[in-house]
Amino acid sequence: MKVSSKRQITLPIDQCVVAHINQGDEVESFVDRQGIISIVKKSMGAASGILSGIAVNVDITEEESLQSSVR
């Protein structure tokens, strides 16, 4: 796999089939602390049950939250 000058990649068809990713689907990418990139197909309401028990800290900005997860 090669990264284009626009930093784009093409996902192999066999991986898309396994991940149920089709043309026009929306995906999200994440990078962990080891530099591993995960690409996940977006699904409506998929996080609602997972995130329902998470307490929101309104005293912290999105940037501070992001930086704390990078540390």
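Me: Is Arg7 buried or exposed?
Reply: This is a predicted model. In it, Arg7 counts as exposed because its relative accessibility is 75%, and the cut-off for exposed is over 50%.

Me: Where does Arg7 lie?
Reply: Arg7 sits in the segment before helix H1 (13-19). Its phi is positive, about 65 degrees, although Arg7 is not a glycine.

Me: What about the phi of His20?
Reply: His20 is not a glycine either, and has a positive phi of about 60 degrees. You find His20 in the loop between H1 and E1. His20 has a relative accessible area of 56%, so it is exposed.

Me: New topic. Which residues form the nonpolar patch on the surface?
Reply: Met1, Val3, Ile9, Val27, Val31, Ile37 and Ile39, with about 670 Å² of accessible area together. Strand E1 (27-31) and strand E2 (37-41) are the elements that each give two or more residues to this patch.

Me: Take Val31, then. Why does it count as exposed?
Reply: Because its relative accessibility is 59%. Val31 belongs to strand E1.

Me: Zooming out, how many helices and strands are in the protein chain?
Reply: Three helices and two strands. Along the sequence the pattern reads α-β-β-α-α.

Me: And how much of the chain is buried?
Reply: Of its 71 residues, 3% count as buried. The chain exposes about 6800 Å², with 56% of that supplied by carbon and sulfur atoms.

Me: What share of the contacts with a separation of 6 or more is between residues 24 or more positions apart?
Reply: In this chain, 16%.

Note on methods. Residues are numbered from 1 along each chain as its sequence is written. This is a predicted model: local features need pLDDT of at least 70, side-chain atom pairs count only at pLDDT 80 or more; totals for chains, interfaces and linings use all residues. Side-chain values use heavy atoms; hydrogens and water are left out. Helices (H or I, at least four residues) and strands (E, at least two) are DSSP runs, numbered from the N terminus. Buried means under 20% relative accessible area, exposed over 50%, partly exposed in between (1.4 Å probe, protein chains only). Contact means heavy atoms within 4.5 Å. Accessible areas come from the Shrake-Rupley method with a 1.4 Å probe; for residues, only the protein chains shown count as cover. Patches are made of residues with over 30% relative accessible area and no salt bridge: like charges are joined within 9 Å, nonpolar side chains (Val, Leu, Ile, Met, Phe, Trp, Tyr) within 5 Å. A salt bridge is a side-chain nitrogen of Lys or Arg within 4 Å of a carboxyl oxygen of Asp or Glu.
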